[in-house]
Amino acid sequence: MAALYSGWVTRAKTLPDLWLISDARNDARLEAALAALPRGSGLIYRHYHLDGPERLARFRALRRIAKARGHVVVLADSALTAREWGADGIYGAPRSLYPRRAGLLHLATAHDLAELGLARRLGADAALLSPVFPTRSHPGSGTLGPVRFRLLARQARLPVIALGGMDARRARGLRWARWAAIDGLS
């Protein structure tokens, strides 16, 4: 199973294939999930449910575990906050990642070809294209499905990470090595 752009080296560093995304619902299992990921995977730390000091404390605890396993740690926040907190990169909508900040990995969210193009033009290192399959995060919303996902990903002209209802079984069925999950990895 090989994804388009597998092993892609970004401006910041090598882009992991596997990404765990933090959320309130998987918080209690994150330490175990990080320990179970293959070395060199990624963590996208969101934790929008926590406020300032509590969010920072939780980030530091998880970053310590992630770094001990050689994982890349990306923060859903500003580049300034990512640098202050010691994150390897930032995650968000394409416009929120602009302008590019040297030394940080930039992961953009995308749901269609227009957003993939915007992410590329604004210098994102990769885009998380979603939702591929139905998700608990957005129950009842439309999905891309495997065929449309692969068509969009092939036109993206930047590395694409599959997101939305992903787990190892679905990644194999999709024949896409680079993927992210909340529930599917925790």
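**Helix H5**

I began with helix H5 (residues 145–155) and found Gly145, Phe149, Arg150, Leu152 and Ala153 buried, where buried means under 20% relative accessible area, exposed over 50% and partly exposed in between, with a 1.4 Å probe and protein chains only. These residues cover an arc of only 165° around the axis, which puts them on the same side of H5; the arc is that of the directions from the helix axis to the C-beta atoms. On the face turned away from the buried side I noted the exposed residues Val147 and Arg154. I then looked up what covers the buried residues of H5, and the list includes helix H4 (113–121), strand S6 (126–129), strand S7 (160–162) and helix H6 (168–174), with contact meaning heavy atoms within 4.5 Å. Helices (H or I, at least four residues) and strands (E, at least two) are DSSP runs, numbered from the N terminus.

**Provenance**

I keep in mind that this is a predicted model, in which local features need pLDDT of at least 70 and side-chain atom pairs count only at pLDDT 80 or more, while totals for chains, interfaces and linings use all residues. Residues are numbered from 1 along each chain as its sequence is written, and side-chain values use heavy atoms, with hydrogens and water left out.

**Backbone exceptions**

Most residues other than glycine have a negative phi, and most peptide bonds are trans. For the peptide bonds, I recorded a cis bond joining Tyr98 and Pro99, with omega about 0°, Pro99 being in the loop between strand S4 (89–92) and strand S5 (105–110). Another cis bond joins Ser130 and Pro131, with omega about -10°, and Pro131 lies in the loop between S6 and H5.

**Two loop residues**

I looked up Asn26 in the loop between strand S1 (18–21) and helix H1 (30–36), and found this residue buried at a relative accessible area of 0%. Leaving aside residues up to four places away in sequence, Asn26 touches Leu20, Ile21, Ile182 and Ser186. Arg175, in the loop between H6 and strand S8 (179–181), is partly exposed, with a relative accessible area of 49%.

**The whole chain**

I counted six helices and eight strands, which follow the pattern β-α-β-α-β-α-β-β-α-β-α-β-α-β along the sequence. The radius of gyration is 15 Å, close to the 16 Å that the globule rule gives for 186 residues, so the chain is as compact as a globular protein of that length; the radius is taken over C-alpha atoms, and the rule is 2.2 Å times the number of residues to the power 0.38. Of the 186 residues, 52% count as buried, and among contacts between residues at least 6 apart in sequence, 54% join residues at least 24 apart. Along its principal axes the C-alpha trace spans about 40 × 35 × 30 Å.
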